[in-house]
Amino acid sequence: MTNNYLVLSLTIMTLLSRSSSSLLSPIQGTSTSTLPSSPDWKMVPFDPLQHKSQLEDVCSSSDGGSDYVLHTFREYVEDHKCFFQAVIKESKDNNNENDGSSASEKTEVDNNNNNNITLGAVGNLRILGNGQAWIEAIRTSSHHRNQGLATRLLHGLLDVAATNQECKSVLSCTSKTNDPMLHVFEKVGMKKLTHVKMVEFAEIRKIPGWRATSTSKTTTATTTSTESGNTKTQHLLHAFGIKDLVSCTAKSFQWSPVNNVDEIRNILRNIKKQGGAGFIPGLYEVVGVDSLVDKDGPFDNKLVFSLTKQVSGSVSDDDKDGSGDALICFKRDSRISSLKSKWVLSIAGTTEELVQAALWYACSPCIQKKLIEVEKRIASSKHIDKCDIDKNLIDDCDRDYDDDEIGFIVAMESAIPTNGSFFVKLPLTDDCVVYGKSL
């Protein structure tokens, strides 16, 4: 009997010890977390001074070495809504003996890091607001693959999210062909929720005037200038020849500016009731509701709109039960480097006609002019380098509608049917798969 009591006491003490240690997940970048089943690797807040020298190596296999993380990691580090974490291994002595590393890896550690730190993986957790968090920028060094670092990193980021009392769920996404990452999502208990439809980048880059550095001299149906490197940009309706396919009803839709976050949340709740996802789709991301109020964000630029569907001058019966709810917003995405324009048009709703109405409005003279004015203001405020702005677009805001135009990528809900004639010429992909987990 005494032995049974002794075993029970030890068991309780072990459970209490594990329970208390689980509360020590890193939050606000103040502590470290030893990853499950890994005595060597641990997760810590990313430190540019200690980890930057190896970040390029970690990102080298993504996008042919031109990974956006290499120029956005500072935003993650400085943003109080982000927790950019690093999975590291510290060598026990200067010679790195018996640590399993190759000779070249040991030399790299000695030369690049006085503290003998090896960077194995990085990832970011972003608090979106509305009870949600977002995991992004998961990268694993090619030297340390198949060691479970991505899985352990996601476990750690989920722990960070769980310490935030307002966070009720965590979302993330990847390409539907990225089998290793899909497997990691499932291993940490995340479930497939939906996917985001987007205009294909590969097709967008083929449009004359859209590439960041266009030197094409070829004249095509969508080219408005044959000068080398000075091909004018056309918005999507013109570039893909679908302007005449927009229905008269879609053209008559009325859009109203949204002025507060509570209104957005209410619209998204209604869209979810109608079969939508209930979030704002972005370019391989979910756009955080709270991020809309950031400086130079969609609210500042008055670029968030809700839909009011009108028929014969009065609100239609469809709208009376909320089925006409829709939301669009324009947001610059700093990760875009291969296109002249960094604008993304996000469309939340559930009908094909909504997409037609959104594109018609986005390509209208008033919105095109507003986008150009925003580009000028951002450039003049020096928040981004002026060379990052297409000079052709900011020289003259009074140009004709069919002159140079602002291009933008489109991201939309998977609930929107895209089988109609309007989408035959608009190259869409459903490559982005969204996963989630309740906390």
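R335 sits in the loop between strand 14 (327–332) and strand 15 (343–348), where strands are DSSP runs of E of at least two residues and helices runs of H or I of at least four, numbered from the N terminus. This is a predicted model, in which local features need pLDDT of at least 70 and side-chain atom pairs pLDDT 80 or more, while totals for chains, interfaces and linings use all residues. Residues are numbered from 1 along each chain as its sequence is written, and side-chain values use heavy atoms, with hydrogens and water left out.

R335 counts as buried because its relative accessibility is 15%, buried meaning under 20% relative accessible area with a 1.4 Å probe, protein chains only. Its side chain reaches the backbone oxygen of L283 at 2.4 Å, and the R335 side chain also makes a polar contact with that of D333 at 2.7 Å (a pair of N or O atoms within 3.5 Å, one able to donate a hydrogen and the other to accept it; residues adjacent in sequence count only if both atoms are side-chain atoms).

Turning to helix 3 (residues 69–78), its buried residues are V69, T72, F73 and Y76. They lie on the same side of helix 3, because they cover an arc of only 130° around the axis, taken from the directions from the helix axis to the C-beta atoms.

Key: Buried < 20%, exposed > 50% of the residue type's maximum accessible area, 1.4 Å probe, protein only.
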